[in-house]
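Student: I am new to this structure, and I would like to walk through it with some questions. Could you show it to me?

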Amino acid sequence: MRKSLKKSMSVLLATSVLASPIVMLPHAAYALEIDDVSAYDTDTDEETEYTIEFTIEKALSSGDEIIVKFPSGYEVDKKLKVKDVTLEDDDDDEIDIDDVSVSGRTVTIELGEKISKNTSLILTIDGITNPGSKGDYKISVQTTNEKSVSETISIGKSSSKNSSSSRFDVSLGKNTAGDTTSVSLGKFNLSSKLVKGKYIYVTMPSRDMLPKEIDRSDVKVNGERAQKVTLSGSSTIRIEVPSGADGDKTLKLDFSSSAGIVNPSSSGKSYTYEIEYDNKTYRSETFEIKESSSSSSSSNFDVSLSDKSAGARTSYTFDLDLSSKLYANTDIQVEFPSIEMVPPVISSYNVTVNGEQVSNISVSGNRVSFRTPSGFSSSNSLTIKFSQDAYLINPRTAGTYEMIIKVDGKTYRSKKFDVGGSSAVTPVQVDNSTATIALTRATASTPAGLQVGIKGLGVPLAKGRDFVEIVMPAGFRVPAYVAPNTVTVNGMAANYVGVRGQNLIIYPSQDIPARTAVQVNVTEAASIVNPATTGVYSISVFTSEEQGLLFARPINIVALNGVSFKANVASYTKGGKTFALTAAPYTVNGHTLMPASFYKDGLGLSTTWNNSTARIVSGNTTMQFKVGSNIATVNGQNITLPVAVQLKNNIPVIPLRFVMDRTGYNIIYVNGNYTVYK
């Protein structure tokens with residue numbers, strides 16, 4: 001239903017009201033208007049993306065729904081998610097969607113924000129499979145506040161009915177693959193006149209040709225600037241006819257090179273453009289795209305460093321001239337020459353594009369990805385700056401290097417830049433053969449702290465720049481973020497802790513000279529979790545300044561029925577649960593004493609006691625103890641204990657190792673943390 005018809009209906013209804021004072025207008029008088037329904041591929045049995053353009057007459061609130069019903073013959077992906085659906089208003093602003101659900105052939109979209117009345121909307125839904133039979137199909141749309149309206153789309157029909165047999169010319173500013181180019185389509189005759197406000201659809205020969213958006217100043221319709229230009233799907237441009245072209249019987253479209261259209265990435269001789277207007281499709285003559293004589297990369301850009309010394313911490317600045325305009329929310333990826341240059345995490349506060357702070361920043365190996373901010377002003381030039389606080393460092397070897405930057409999928413390579421004045425330090429000899437690695441808990445699927453004892457560094461570590469890297473093997477669960485206050489280096493909280501896959505990157509808060517011992521403690525609050533599978537695992541230690549492995553140590557992960565406890569803490573953990581002890585474990589002359597109740601409740605051994613004696617039975621072994629005595633009786637034979645049995649909190653406390661050795665249990669001990677297991 002077109003707007004002119006709706007206006008006439010409004011006049012008719014108003015007249016009816018004046019003539020009949022008791023007339024009640026039903027709520028259903030509100031009806032949205034569908035402007036267009038299109039599919040990226042209209043062949044039968046093809047999974048494709050649908051674009052529905054419609055205008056709502058009544059406002060929608062957050063939580064209200066838009067419901068799209070596809071007729072019999074269609075299939076809708078049952079796993080459709082929010083990421084598969086986009087909704088934009090007529091200002092090209094994306095509208096928040098809270099939820100998407102599918103029931104049969106019906107897609108229900110729950111809104112996450114309010115939409116004003118009389119707003120034109122563009123809804124895109126992926127994962128729709130066309131019917132297997134040719135024909136005309138009606139797709140309906142309704143909202144919480146407006147009744148269902150449908151629009152027809154033709155599936156699988158031959159082009160003879162809706163296509164013109166005449167072909168129009170294509171003129172390109174450049175004809176090599178991947179080049180940004182100007183494009184002229186036509187001039188050719190139309191079957192119906194151009195009408196101001198109606199839409200022209202231009203479909204690209206391939207999906208990789210369009211930028212994120214096109215400014216209307218870069219598009220001419222018969223020499224007149226387009227009224228409005230939007231992208232519909234990944235390969236279609238929607239152009240609103242301007243008033244200056246109203247009534248024209250011919251059509252010529254011109255796209256300037258600054259529109260950002262690029263030629264197909266592959267060479268070929270059979271490319272065509274399609275133009276659709278007023279339900280009629282026009283096709284171009286075939287044209288050739290030649291193979292590019294150079295790589296896909298654009299012209300070289302400059303790299304500026306605040307410090308060009310090898311291994312130095314430095315800022316980086318890149319100045320690029322782009323082949324097409326850069327807009328808000330555009331994806332950018334910066335690839336550095338090596339992984340050692342990039343910390344595991346970089347804050348968006350430390351990266352700017354054209355002086356504005358970036359958004360959605362992430363680090364993966366030697367690549368840093370981010371987006372231009374939402375308020376970014378479009379530009380054909382780009383300056384990217386990583387500040388000193390981004391903690392980037394130069395390659396540690398002097399030489400010539402190159403950067404790669406991808407902007408909205410297009411690749412740019414830098415000019416060669418030099419890193420010189422090698423800052424490499426000759427390592428001193430150290431012996432880490434007795435270096436240690438231990439877990440505070442050794443039971444499977446249990447949160448555990450980590451304690452690393454490095455006997456000496458071969459090369460000094462500079463605070464805030466250099467780091468210790470601990471490689472946790474597969475099976476350990478390492479969180480994406482570890483708070484610096486959960487990690488200490490020689491007793492001081494870490495300056496910064498990053499996570500790179502399974503690896504912990506720990507920057508100390510102090511300078512650490514060569515030959516100095518380093519104790520790294522990662523507390524259980526860091527939320528590292530032991531593997532679910534028992535066995536022996538190897539943990540490795542590196543530093544940023546030394547070539548190769550410092551050392552690695554095996555770690556034994558035991559079954560979850562193992563029992564963990566800490567010295568001077570009146571509790572133990574078993575099966576992931578914590579239980580109280582009558583008395584806390586403690587040591588006498590290096591020997592740990594445990595309350596008699598632990599052997600019964602924690603280990604399940606048959607144990608009885610009173611204030612003066614205790615008896616423990618395990619299989620065919622019977623052990624008897626007396627408070628104050630260092631003599632135990634085992635199966636009737638007297639054996640000397642390392643320390644005497646004591647009484648604490650009215651319960652006998654018995655040497656742990658003596659009982660464990662006679663009941664088949666093993667003990668793992670790490671700085672006051674114990675795990676006993678079989």
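Student: Which residues of helix H4 (residues 656–663) are buried?
Tutor: Let's settle the words before we look at this predicted model. Helices (H or I, at least four residues) and strands (E, at least two) are DSSP runs, numbered from the N terminus, and buried means under 20% relative accessible area, exposed over 50%, partly exposed in between (1.4 Å probe, protein chains only). By that rule, the buried residues of H4 are Leu 656, Phe 658, Val 659, Met 660 and Thr 663.

Student: How can I trust and read the numbers here?
Tutor: Because the model is predicted, local features need pLDDT of at least 70 and side-chain atom pairs count only at pLDDT 80 or more, while totals for chains, interfaces and linings use all residues. Residues are numbered from 1 along each chain as its sequence is written, and side-chain values use heavy atoms, with hydrogens and water left out.

Student: How many helices and strands are there in the chain?
Tutor: Both kinds of element are counted over the chain. The count is four helices and 59 strands.

Student: Why is the chain said to be more spread out than a compact globule, and what is its radius of gyration?
Tutor: The radius of gyration is taken over C-alpha atoms, and the globule rule is 2.2 Å times the number of residues to the power 0.38. For 678 residues that rule gives 26 Å, and the chain is well over it, so it is more spread out than a compact globule. Its C-alpha atoms fill a box of roughly 115 × 75 × 45 Å along the principal axes. The radius of gyration is 36 Å.

Student: Which angle lies between the planes of Phe 476 and Tyr 537?
Tutor: Rings of Phe, Tyr and Trp (its six-membered ring) pair if their centres lie within 6.5 Å; planes under 30 degrees apart count as stacked, over 60 as edge-to-face and the rest as tilted. The count comes to 29 aromatic pairs by this rule. Phe 476 and Tyr 537 form one of them, edge-to-face, with 5.8 Å centre to centre and an angle between the planes of 80 degrees.

Student: How many residues apart in sequence are the parts that this pair ties together?
Tutor: Phe 476 is buried, and so is Tyr 537. Phe 476 lies in the loop between strand S38 (468–471) and strand S39 (487–489) and Tyr 537 in strand S44 (residues 535–543), so the pair ties together parts whose separation in sequence is 61 residues.

Student: Where does Phe 598 lie, the partner of Phe 565?
Tutor: Phe 565 and Phe 598 form an edge-to-face pair, 5.2 Å centre to centre with 70 degrees between the planes. Both are buried. Phe 565 lies in strand S46 (residues 563–566), and its partner is in helix H3 (residues 596–601).

Student: Is Ser 540 buried or exposed?
Tutor: Ser 540 sits in strand S44. With contact meaning heavy atoms within 4.5 Å, Ser 540 touches Glu 469, Ile 470, Val 471, Leu 549, Phe 551 and Ala 552, not counting residues up to four places away in sequence. Its relative accessible area is 15%, so Ser 540 is buried.

Student: Which residues does Glu 75 touch?
Tutor: Glu 75 lies in strand S4 (residues 75–76) and counts as exposed at 52% relative accessibility. Leaving out residues up to four places away in sequence, Glu 75 touches Gly 127, Ile 128 and Thr 129.

Student: What is the phi of Asn 354?
Tutor: Asn 354 is in the loop between strand S27 (351–353) and strand S28 (356–357). Asn 354 is partly exposed, with a relative accessible area of 30%. Although Asn 354 is not a glycine, its phi is positive, about 50 degrees.
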